[in-house]
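Hi everyone, thanks for making time.

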Amino acid sequence: MVVPYLTYLRCKRVYSEFIFEQVQVYCTNTIMEFATTQSFVKAIEGVYSSGVLEDPFKSDVKVMIDMAYENGTIEQSIEYLNNKYDYYVIKNMHQLFIQITKEGSKDSGVALDGMLQDIDMLVENVYRDRIDRTSFYKQFVTFGLALYLLVLLVQLLLGNNSYIKLLNNPLVVILLHGVILINSYFLLSGIKYYHEDVGAE
């Protein structure tokens, strides 16, 4: 039961990291394309055709492009991606594009450069957080395993006969089970924290 859960957490973390990287690639490249084309739809078309995106994100960008042509406006396309990927960096970028589209492109270069800097800072913070989590995770697991080994060490030091006699005491059994259960709970909590969603939201 525990091993499949740990595998699920690991897969979830890997997928979350992949999606975050796709979000970062999408935002960075869309801003650079927009700086050239001054058109949001042309910008995302350029990003889509450049091959830098992978599915499922690439397919969702295609849906955005199709929606923009069907509706003759970018609002619904933007709403679609905002709802699909709840990352504030996407919402902020899209809000900026809506503002530029409605109010014109005057001084848009400064705003776009500022957005690129925000994305760079976000990526840097996410990778720093990832390093901190890895360090915490290794220390946490080492400490948790050491507690299990301590229980085994007590058994070895006392010898089988003395250890079995000790287990005849209900208080010792409760204490032993308590240590194992609490340690297991904190180990799983630490592993869950390490594998939580990255970067985002």
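Predicted model: local features only at pLDDT ≥ 70, side-chain atom pairs only at ≥ 80, totals over all residues.

Okay, rings. How many aromatic pairs does the structure hold? There are 6 aromatic pairs. Take Tyr15 and Phe18, for instance: their ring centres are 6.4 Å apart and the planes meet at 40°, so we call that pair tilted.

Tyr15 has 45% relative accessibility, so it counts as partly exposed. Phe18 is partly exposed as well, with a relative accessible area of 23%.

Now look at another pair, Phe57 and Tyr85. This one is also tilted, with 4.6 Å from centre to centre and 40° between the planes. Where do the two partners lie? Phe57 is in helix 3, residues 57–71, while Tyr85 is in the loop between helix 4 (75–84) and helix 5 (88–103), so this pair ties together parts that are 28 residues apart in sequence. And here both partners, Phe57 and Tyr85, are buried.

Tyr26 joins Phe57 and Tyr85 in a cluster linked by ring pairs. Tyr26 comes from helix 1, and it's buried, with a relative accessible area of 0%. For a sense of scale, Tyr26 and Ile180 are 154 residues apart in sequence, and their C-alpha atoms are 46 Å apart.

Staying with Tyr26 for a second, let me bring in Lys58. Those two are 32 residues apart in sequence, yet 9.1 Å apart in space, going C-alpha to C-alpha. Lys58 sits in helix 3, and at 26% relative accessibility it counts as partly exposed. What does the charged end of Lys58 sit over? The ring of Tyr48, at 5.3 Å from the ring centre.

Next, helix 4. Ser77, Ile78, Leu81 and Asn82 are buried there. Around the axis they cover an arc of only 130°, which places them on the same side of helix 4.

Two backbone details, then. Most residues other than glycine have a negative phi, and most peptide bonds are trans. Against that background, check the step from Asp55 to Pro56: the peptide bond is cis, with omega near 10°. You'll find Pro56 in the loop between helix 2 (40–50) and helix 3. Then there's Gln38, which isn't a glycine but has a positive phi, near 60°. Gln38 is in the loop between helix 1 and helix 2, and it's partly exposed, with a relative accessible area of 37%.

Last stop, the largest pocket. Rolling a probe the size of a water molecule over the atoms shows where empty space is left. In the largest pocket, that space comes to about 180 Å³. Which helices each supply at least two residues of its lining? Helix 6 (108–158), helix 7 (160–167) and helix 8 (170–194). The lining includes Leu147, Val154, Tyr163, Leu166, Leu176 and Val179. By class, you get 10 nonpolar residues in that lining, and no polar or charged ones.

While we're looking at helix 7, spot Lys165, which is in that helix. Is Lys165 buried or exposed? At 63% relative accessibility, it counts as exposed. If you go from Lys165 to Ile65, that's 100 residues along the chain, and 73 Å between the C-alpha atoms.

How values were computed. Residues numbered from 1 in each chain as written. Heavy atoms only, no water. Phe/Tyr/Trp six-rings, centres within 6.5 Å; stacked < 30°, edge-to-face > 60°. Buried < 20%, exposed > 50% of the residue type's maximum accessible area, 1.4 Å probe, protein only. Helix = DSSP H or I, 4+ residues; strand = E, 2+ residues; numbered from the N terminus. Lys NZ or Arg CZ within 6 Å of the ring centre and 35° of its normal. 1 Å grid on protein atoms, 1.4 Å probe; cavity = no way out; pocket = protein on both sides within 12 Å on 5 of 7 lines; lining within 4 Å. Points joined across faces, edges and corners; volume = space filled by probe spheres on them. Nonpolar A, V, L, I, M, F, W, Y, C, P; charged D, E, K, R; others polar. Arc of directions from axis to C-beta.
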